[in-house]
Every structure is written in C-alpha cells, then in structure tokens.
Amino acid sequence: QLGLDLEELEEIEEDAGLGNGGLGRLAACFLDSMATLGLAAYGYGIRYEFGIFNQKIVDGWQVEEADDWLRYGNPWEKARPEYMLPVHFYGRVDHTPEGVKWIDTQVVLAMPYDTPVPGYKNNTVNTMRLWSAKAPNDFNLQEFNVGDYIEAVLDRNLAENISRVLYPNDNFFEGKELRLKQEYFVVAATLQDIIRRFKSSKFGCRDPVRTCFETFPDKVAIQLNDTHPALSIPELMRILVDVEKVDWEKAWEITKRTCAYTNHTVLPEALERWPVSMFEKLLPRHLEIIYALNQMHLDRVAALYPGDIDRLRRMSVIEEGDCKRINMAHLCVIGSHAVNGVARIHSDIVKNSVFKDFYELEPEKFQNKTNGITPRRWLLLCNPGLADVIAEKIGEGFITDLSQLKKLLNFINNETFIRDVAKVKQENKLKFAAYLEEQYKVKINPSSMFDVQVKRIHEYKRQLLNCLHAITLYNRIRSDPSKSFVPRTIMIGGKAAPGYHMAKMIIKLITSIGEVINNDPYVGDKLKVIFLENYRVSLAEKVIPAADLSQQISTAGTEASGTGNMKFMVNGALTIGTMDGANVEMAEEAGEENLFIFGMRVEDVEALDRQGYNAQEYYERLPELRQAVDQISSGFFSPRDPGCFKDMVNMLMYHDRFKVFADYEAYIKCQGQVDRLVMDPREWTRKVIRNIACSGKFSSDRTIMEYAQEIWGVEPSATKIPPPNLPRD
C-alpha cells in the first residue's frame, strides 16, 4: 500500500556486524537453533555503537571506515532502562570482620537492549540482550571535582566509550585495557541479570526472596563462548562469597557446575593472557579471587604429582616471567565442568596438546561439539531456489531436521533432479554476476567456474596458496594460449585486522594479481581474479549460493572448525580442502571421494616440524612454484613498486609458520582434478547432490541438541507453543 518493495527495504538495512567472523556468526546460528528447539535461552553481548569496520579497496589496498550501523536507528531493538544495572571498576579491597568489601569504585551503568529471536514456526520468541554503557548522572561530579561542571559532563564519554567499538582482531590477542573493560562490563551486567532472574523465580521455594543458591546450577547454565567472558568465573565467585555470603568451597562447586567453556582456537597468539598489573588496577578483588582459585588448583595438582614442579608451572593460571600474566584459558578449564572443542579433530588437539595436562587430570571434562549452521538463514533464506527443488522431492521436514536431506540420495541418478539442481546454480550465478556488475562495475563470465574463498584474511587460512594457484594458471595460459582451458573466476574476499600488516599485504597481492590477469588480452574470458570488497553476512548470502568451488585450505591443525565450509556444502558447491577442522567430518559424511582433499595431515605437519620445514627445497624443486614466486618478488605484479612484495616473499622463503610451499604441489594437482570433473557437468552435479544430501550433520540444531543434552542438562522440545491469540491449557 505504501508503494514500497520489501526486497528493496531488505537491501537498505545495515548488517549488525557485532563480531569478527566465525565466533560471532556461530553465536547467531546458535540463537536461531535454541529458539527453534524451544529452549529457554538468552544470548548476551555488547551493543557496540560501531561494529566491524566497513572495508573499502583504494588503489588495491584495504582502507577502513567506521561502521555507523545505528545511524538510521534499529527497529528490531527495544531499550529496557528499567533493567539498567551498575558495573564497578578500579577501587580497592577492604578485608573486614564482616567479610570482604570492594570499595571506592567507579561506576558505569549497563543499559540493556533486547532483540527478539524467533524460532522457526513454533511461536517461540527468545531474547538477545545486548548491553550499552551509560555514565551515571553524578559521574565525575563528586566532591573532588567541584567547579568544573562542563569538563565533568564531557567526561561522561570516558565511561560510555566502553561499548563504543568492536575490537577488529580475529584470532589475535591484543592486551588493551579498554578491551578488558569490555569483557568485564558484559560479564558483570549479565551475571547480575541472571541472578536477579533466578531470585525472582520461586521454583516452589517458600522464601519471599530466594537466598539459597544450592539449586543455582540446576536452573542456570552459562556457556562461555571462548575466553572472552572468562571473568564470569571469578565474578560469580565474588557475588556468591562477598555479596551472598555463601562459603568458599560451596561457591566454587556452584560456579564449576554452572559454567562450561568452548575453546575456539589453538593458535598461541590468539590466547588471552592479561597482565596481572592491569587486573590489580582495574579489578583488584577479581585478582585476589583468581590467586586463591589458582592456589587451590595447584595444591591439588601438587598432591597428585608430588615434586613435579614443571607440571605446576605449565598448569598454573598465573604465568611467571618478566610480566606476570593471567592465562584465561587455564582459568576457564579449572572453573568449568565441561570443556569442548568445535570439531572432532580440534577437540583431539585440545586434549592431546593445548590442555594435555588438564586432560590427564580430569579427562571426563573434555568433550567435542562439532559446529553447525542454521539451515533457515543458510539455505531457506539465501537460496530459496534450491530449497524449493529439495522440498519438491522430500517435503519440508528438512528445514527443522536437516538429516532428512539424506533422502536426496534416492535422486542421485534422477535426470530431472540433476537438471533442476544445475539450473538453480546457474540462476544464482547469473544473479550474482549481475550484482557484481551493478555494485562494483566488474564484468564476469557466468559460465566460468566460480572458485570462491571468503573468510577473514589470515596467514593460517592460506589465501597465499590460492594466489599461487591463480598465478600458475595464468602462466599456463600464457605459455600456450591456444590450449583448451576450463574458464574460472577466482573470487577472494575478507577483512584484514587493521594492525595486521601481512594480511593487508595479502589483499594488495590479490588485487595486484587481478590487475595483471584481468587486463591481459591473451587471457580473455578464461581467467579472472576478483577481490570481493567488504565481505560480511549480507554478501555471504549472495556469493555462497552462486559458488561452484569452496576453498578451505588452512594448514592442517590450525582451523578449529570453520563454518563457511558447511554453508558452501549445503548450497551445492564442491569443496577443495585440507584435512582440517570440520572438513574432516564433511569428508567422512559425504565420502572422501566426493570432496577434493589434498595436502599434509596433522601428523605430516608435525613430522615436518620435527624435521625442520625448508621452503627453499620446494622452491628449487618445483619450476612452476619458482616462476610464480619470482614474479611476485621481481615486481611483475607491481610494476610501479617493484619491491612491494619483497617482505612477503622473504616470509614465505624463510619463516612461514603455515608451510604454504609444502602443500603447493598437491594443491595444484588437486585443482587439476577439479578442472577435469567440471568438464563433465552431469558428474559434477551428481557429486553436488551427494554433498547436499550428506550435509545434514552440520545443522546448528544438531549442535545445540548436543550442548543441551550433554552439557546444560536440558531437553529440547519440538512442541509448538499455542499462538498468543489462543487460550493456553
């Protein structure tokens, strides 16, 4: 009636980019699944005023722009000032006969904003509650600040800066005080909220106000999404012991039974290790509690392993050294009743290397929960064409029970189904090609293979290996332009952390390679290299349904799980990948012969480490690799700045932690198999169907059912709540 087009409105709406890729997107899928499974669950986080930066490419380089996503307002959120809570910082600790008091603190208020999370057609609506920082009205207007009223009011910004901006590091720890403030802010507000809700629910208890916390772990489960909310452990202890006067041992038992920890990475540079000096200043009481918990923990270890001083050092929450640090992962392990990795291979690495000593102490704590994605967003919403052809064959049950996709195996030789699946893919490719042309003025060949790698730019994800393949293909075309060649459009997208120099150089290399290849008349339509600017959820929803080939090529043992890999699989792309993260289980589900698996396994990487990785040896032995590397270093791709990539080549040759050259030969050979299969479209599509049919395990519904049953101790329910307009029983 208003003459508006819903699709057009949808395009205008800003992404809520309140996370850094995998971790935040996983939480979003989990919220969708928890609501769809009818669990009474809340997602808590920070309402950043500025989310992940918008990425512009200028002269081939990444340039960051602030993401002012709230500029035009956010219709989905509702401020709840009636639930505003105080959060304390700084101050000092007073040990009195009546107990411990944390005094002379600075107060910041946490204002909750609620966003509804609807389940799929079950009349359940859960809540995501995000906290925003507000200065109290007397902020900096206390006795000592007499007279400078204007300054004091302007200083309110200092408090409110806590929720101003998301730190844009993915898989990298930067020990900034503001970041620690953010972590405590979300934890302190959330725990007060949880305890308020616990106390106001009577659970058949006769006290006018509930004071007994015995049943707390039976009613409340707190899942720590990585170590970022690790302060939940000492904060819950502080509330129980100092405020609620529960005795220490009892409080520790309650805390452990309540908390569970999910580990998301094994990269050492990503582990949070906060300086003790920072804690001393910002959270003095929490530091005391952590010391006491650590002492208790080390006493237990010492009793079990007398005289093993090195084990005590390895297992301590406090790392000694020039700068004493708190190892947040160790705090999470000792303070939780369950610890899990996010894919089977990752959970094994967690048990056998990262937390080996802790696993020997309490093996029953350690679990695996392989990640998943929500089929509502990542199939139904982003690929309605594919969802339709599937529903036509097997009904709509798969939407809430993705394992039903197995039924598609009956249609693997069904010619109309093969044709329909291929047709949907072609339509998605045409639509995406049109979008690229409209938005970025890039013309691509929609009948070429869409070869896609979209994820954060990181050395361990090896976008450089992809670049070497692109250069090798280019050199092969140049050396014999008349030879028949499978046309490809290589698309690489992703953001680099603003302070990560090598990642920014990788983007520059991709754009530089594209500049040369895309403008070479000998190449024509056979090969294009495109950098997808400002990769984000809304762009993922467009590119993933259009992809033919999904690149998941991290060094074995570095990608904890990956979830993009699953999105491509369910959307009808084939995967080229290493045996890393969830790729291992994808190959197990679909059959290794239905993925393009190549390269070193974890064991091979370990063997190569023992032997010593020598990049030079590969460079000398493989002429195509040598040619590509020489072109990068000589300035063939950067004629205006020939030395541009010298540092990068130096890294690849002399200190490449992720062993790009070691997998080059196997990767090129595997890409050759891709080329051969793509020339047989029917066979390719049959493999696609097999992949889709075997992707059911990777629904976040399955993941959440496992968390619910094996960690939280709750049963999911498929029953549909009656709608609000009908009377309840």
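**Figure 1. Lys441 in the loop between helix H17 and strand E17.** The model shown is predicted: local features are described at pLDDT of at least 70, side-chain atom pairs count only at pLDDT 80 or more, and totals for chains, interfaces and linings use all residues. Residues are numbered from 1 along each chain as its sequence is written, and side-chain values use heavy atoms, with hydrogens and water left out. Lys441 has a phi near 60 degrees, which is a positive value in a residue other than glycine. Most residues other than glycine have a negative phi. Lys441 is exposed, with a relative accessible area of 66%; exposed means over 50%, buried under 20% and partly exposed in between, for a 1.4 Å probe and protein chains only.

**Figure 2. Lys659 in the loop between helix H26 and helix H27.** Helix H26 covers residues 646-654 and helix H27 covers residues 664-678, and Lys659 lies in the loop between them. Phi of Lys659 is near 55 degrees, again a positive value in a residue that is not glycine. Lys659 is buried, with a relative accessible area of 5%, whereas Lys441 of the previous view is exposed.

**Figure 3. The antiparallel strands around E8.** Strand E8 (residues 106-118) is joined to strand E4 (residues 78-79) by 2 bridges, and these strands run antiparallel; two strands count as paired if DSSP finds at least two bridges between them. Within this pair, Lys78 stands opposite Asp114 in E8. Strand E5 (residues 85-89) also runs antiparallel to E8, and 5 bridges join the two. Pro86 has Leu109 of E8 as its bridge partner. A further 10 bridges link E8 with strand E9 (residues 125-134), again in an antiparallel arrangement. Here the bridge partner of Tyr113 is Leu130 in E9. In the hairpin of E8 and E9, 6 residues lie between the strands, and Lys121 takes a positive phi near 50 degrees.

**Figure 4. The parallel sheet of 4 strands.** This open sheet has the strand order E10-E11-E15-E16, and the pairing is parallel. Strand E10 (222-225) and strand E16 (366-368) are the edge strands, and each pairs on one side only. E10 is joined to strand E11 (residues 259-262) by 4 bridges, and the two run parallel. Leu224 has Tyr261 in E11 as its bridge partner.

**Figure 5. Ile254 in helix H8.** Helix H8 extends over residues 248-258 and includes Ile254. Ile254 is buried, with a relative accessible area of 2%. Pro229 is 25 residues from Ile254 along the chain, and 17 Å separates the C-alpha atoms of the two.

**Figure 6. The parallel sheet of 6 strands.** The strands of this open sheet follow the order E19-E18-E17-E20-E21-E22, with parallel pairing. Strand E19 (527-532) and strand E22 (596-597) stand at the edges with a single partner strand each, so one side of each is left without a neighbour in the sheet. Strand E20 (residues 549-552) and E21 run parallel and are joined by 4 bridges. Leu549 stands opposite Leu574 in E21, and Gln552 has Gly577 in E21 as its bridge partner. From strand E21 (residues 574-577), Leu574 and Ile576 point one way, Thr575 and Gly577 point the other way, and all are buried.

**Figure 7. The lining of the largest cavity.** A search of the whole structure finds 5 cavities of 30 Å³ or more; on a 1 Å grid over the protein atoms alone, a cavity is a set of points where a 1.4 Å probe fits but cannot get out, and lining residues have an atom within 4 Å of a point. The largest cavity holds about 60 Å³ of space, where a volume is the space filled by probe spheres set on the points, joined across faces, edges and corners. Lining residues of the largest cavity include Lys455, Lys461, Gln552, Ile553, Ser554 and Glu559. Ser561, Asn565, Asp580 and Asn583 are also among them. Of the lining residues, 1 is nonpolar, 5 are polar and 4 are charged; Ala, Val, Leu, Ile, Met, Phe, Trp, Tyr, Cys and Pro count as nonpolar, Asp, Glu, Lys and Arg as charged, and the others, Gly among them, as polar.

Key
1 Å grid on protein atoms, 1.4 Å probe; cavity = no way out; pocket = protein on both sides within 12 Å on 5 of 7 lines; lining within 4 Å.
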